[in-house]
Amino acid sequence: MTPRDHLDSYALRAQREGYPARSVYKLKEIDERFRVVRPGKTVLDVGSSPGSWSLYVLRRYPGTTVVGVDLQEMRLEAPQHFTFYQLDILSPDAESVLKTHAPFGTILSDAAPNTSGHAGVDVARSEALVEQVLLLARSLLEAGGHWVAKLFQGSGTQALLKETRAVFESVKTFRPKAVRSESRETYIVGLSRKENL
Ligand SMILES: C[S@@+](CC[C@H](N)C(=O)[O-])C[C@H]1O[C@@H](n2cnc3c(N)ncnc32)[C@H](O)[C@@H]1O
């Protein structure tokens with residue numbers, strides 16, 4: 001089996017299991033390893049479209065409420081317990097819109113910029129998204145809450161990890177098996193938001 005066959009198997013499995021994207025298996029592995037979703041607590045899913053991560057949480061943790069936000073429209077078959085906002089997480093009003101659902105028990109972000117072909121530009125845009133989602137952890141995540149953010153690794157990675165360590169009791173980086181081998185992406189996992197920041 002070639003690496004490409006292996007990657008395709010995630011897409012086929014997603015189709016079979018009714019998920020709109022293969023990225024669901026990244027969150028599944030992260031959640032099985034770190035238990036980032038806290039049953040019954042509201043989850044914020046940043047960069048939620050087309051909807052696999054939100055759907056994973058709704059199916060795996062029935063009764064848990066998910067708030068999704070993305071630049072792109074999305075719809076889920078089972079809209080109960082799910083609220084969606086089509087907005088730019090970097091816009092000045094994003095925090096006040098999401099605040100109406102706070103505090104969150106978990107903040108997940110699979111948000112990624114459209115790749116430009118220039119690695120430096122893509123990395124800088126990815127870092128800006130992670131910075132913003134970390135600000136949301138400071139203002140909207142409850143003490144003890146968990147956080148996951150996708151990052152394109154580059155020159156700012158160590159500085160971002162340092163900033164993340166200031167917010168969480170424990171911080172890990174993790175590359176799920178479903179990440180394509182040629183991708184720069186990794187996930188930062190922040191466990192247990194500190195009480196006093
Ligand atoms: C890899 S996809 C997410 C896939 C999703 N986790 C799933 O499993 O279906 C990345 C998403 O991030 C979104 N995104 C990128 N920049 C954003 C921003 N500034 N605000 C909101 N969403 C953003 C994109 O529109 C895209 O839908």
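The model is predicted.

**Overall fold**
- The protein chain has six helices and seven strands. Read from the N terminus, their order is α-α-β-α-β-β-α-β-α-β-α-β-β.
- The radius of gyration is 16 Å, and the globule rule gives 16 Å for 197 residues, so the protein chain is as compact as a globular protein of that length.
- Along the principal axes, the C-alpha atoms fill a box of roughly 50 × 40 × 30 Å.
- Of the 197 residues, 36% count as buried.
- Take the contacts between residues at least 6 apart in sequence: 63% of them join residues at least 24 apart.

**Helix 5**
- Helix 5 covers residues 119-140, which is 22 residues. From first C-alpha to last it reaches 31 Å, close to the 32 Å expected at 1.5 Å a residue.
- Its buried residues are Ser-126, Glu-127, Leu-129, Val-130, Val-133, Leu-134, Leu-136 and Ala-137.
- Strand 1 (43-46), strand 4 (104-109), strand 5 (141-152) and strand 7 are among the elements that cover these buried residues. Helix 4 (94-99) and helix 6 (157-165) also belong to that cover.

**Nonpolar core**
- In soluble globular proteins, nonpolar side chains tend to be buried together.
- Here the largest nonpolar core has 44 residues. Ile-107 and Val-133 have the most contacts inside it.
- Which residues does Ile-107 contact, leaving aside its neighbours within four places in sequence? The partners are Leu-44, Val-46, Val-133, Leu-136, Ala-137, Leu-141 and Trp-147.

**Lys-177**
- Lys-177 lies in the loop between strand 6 (168-174) and strand 7 (185-193).
- Is Lys-177 buried or exposed? Lys-177 is exposed, because it has 10 C-beta neighbours inside 10 Å and the cut-off for exposed is 12 or fewer.
- Lys-177 and Lys-26 are 151 residues apart in sequence. In space, their C-alpha atoms are 7.1 Å apart.

Methods. Residues are numbered from 1 along each chain as its sequence is written. This is a predicted model: local features need pLDDT of at least 70, side-chain atom pairs count only at pLDDT 80 or more; totals for chains, interfaces and linings use all residues. Helices (H or I, at least four residues) and strands (E, at least two) are DSSP runs, numbered from the N terminus. A residue is buried if 20 or more other C-beta atoms lie within 10 Å of its own, exposed if 12 or fewer, and partly exposed in between; C-beta atoms are placed from the backbone. The radius of gyration is taken over C-alpha atoms; the globule rule is 2.2 Å times the number of residues to the power 0.38. Two residues are in contact if their C-beta atoms, placed from the backbone, lie within 7 Å. The expected span of a helix is 1.5 Å times one less than its number of residues. A nonpolar core is a set of buried Ala, Val, Leu, Ile, Met, Phe, Trp, Tyr and Cys residues joined through C-beta atoms within 7 Å.
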